[in-house]
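Please examine the sequence and the three-dimensional view below before reading the briefing. The points that follow are grouped by topic.

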Amino acid sequence: PLDIVICSNRLRFQDGKLARQEMEEMMTHELVHVYDARQLQLDLRDCENLAYSEVRAAREAECRLLAQKYEEAQQQLQQQQSPSSTSSSYWPK
């Protein structure tokens, strides 16, 4: 059976609490490995399979936050540009 073991000495804490973002990243990363082993039938003892799984796990866990920040920035930019782009379409009265 596959196990996920989390060592507390490898985690960051804020005000005595585990940082939620770090826990989400770590669990996502490890669950990708479980998915790869179970669903994709990858043997993670094989270096190529492990490297493939590590890249996928990093992309899904660590890059997810970057993608969210990018989407938020895009939405904010669109909201800022919307009033100015529509106001030029109408003649002032």
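**Salt bridges and the overall chain**

The side chains of Arg45 and Asp43 meet in a salt bridge, with 3.0 Å from N to O; a salt bridge is defined as a side-chain nitrogen of Lys or Arg within 4 Å of a carboxyl oxygen of Asp or Glu. The model is predicted, so local features need pLDDT of at least 70 and side-chain atom pairs count only at pLDDT 80 or more, while totals for chains, interfaces and linings use all residues. Residues are numbered from 1 along each chain as its sequence is written, and side-chain values use heavy atoms, with hydrogens and water left out.

**Chain layout**

- The chain contains 2 helices and 2 strands; helices (H or I, at least four residues) and strands (E, at least two) are DSSP runs, numbered from the N terminus.
- Along the sequence, these elements follow the pattern β-β-α-α.
- Of the 93 residues of the chain, 16% count as buried; buried means under 20% relative accessible area, exposed means over 50%, and partly exposed lies in between, with a 1.4 Å probe and protein chains only.

**Salt bridges in detail**

- How many salt bridges does a search of the whole structure find? The search finds 3 salt bridges.
- Side chains of opposite charge can pair when their charged atoms come close.
- Another salt bridge joins Asp36 and Arg56, whose closest N and O atoms are 2.8 Å apart. Asp36 lies in helix α1 and Arg56 in helix α2 (residues 47-87), so this pair ties together parts that are 20 residues apart in sequence.
- Both Asp36 and Arg56 are buried.
- Glu60 and Arg59 also form a salt bridge, at 2.9 Å from N to O. Glu60 is partly exposed at 33% relative accessibility, and Arg59 is partly exposed at 44%.

- Glu60 is found in helix α2. Its C-alpha atom is 7.0 Å from that of Thr28, although Glu60 and Thr28 are 32 residues apart in sequence.
- Glu25 is found in helix α1 and counts as buried, at 15% relative accessibility.
- The C-alpha atoms of Glu25 and Ala57 are separated by 9.3 Å, and these residues are 32 residues apart along the chain.

**The largest pocket**

- Rolling a probe the size of a water molecule over the atoms shows where empty space is left.
- The largest pocket holds about 240 Å³ of space. On a 1 Å grid over the protein atoms alone, a pocket is an open set of points where a 1.4 Å probe fits, with protein on both sides within 12 Å along at least five of seven lines. Grid points are joined across faces, edges and corners, and the volume is the space filled by probe spheres set on the points.
- Which residues line the largest pocket? The lining consists of Val5, Ile6, Cys7, Arg10, Leu11, Glu22, Glu25, Met26, Glu30 and Glu62; lining residues have an atom within 4 Å of a point.
- Helix α1 (residues 20-38) supplies the largest share of this lining, with 4 residues.
- The lining divides into 5 nonpolar, no polar and 5 charged residues. Ala, Val, Leu, Ile, Met, Phe, Trp, Tyr, Cys and Pro count as nonpolar, Asp, Glu, Lys and Arg as charged, and the others, Gly among them, as polar.

**Surface features**

- Ile4, Ile6 and Leu31 form a nonpolar patch on the surface, with about 220 Å² of accessible area together. Patch residues have over 30% relative accessible area and no salt bridge; nonpolar side chains (Val, Leu, Ile, Met, Phe, Trp, Tyr) are joined within 5 Å, and like charges within 9 Å. Accessible areas come from the Shrake-Rupley method with a 1.4 Å probe, and for residues only the protein chains shown count as cover.
- Ile4 is located in the segment before β1 (13-14) and is partly exposed, with a relative accessible area of 32%.
- Gln41 has a positive phi of about 55 degrees although it is not a glycine. Gln41 is placed in the loop between α1 and α2 and is exposed, with a relative accessible area of 62%.
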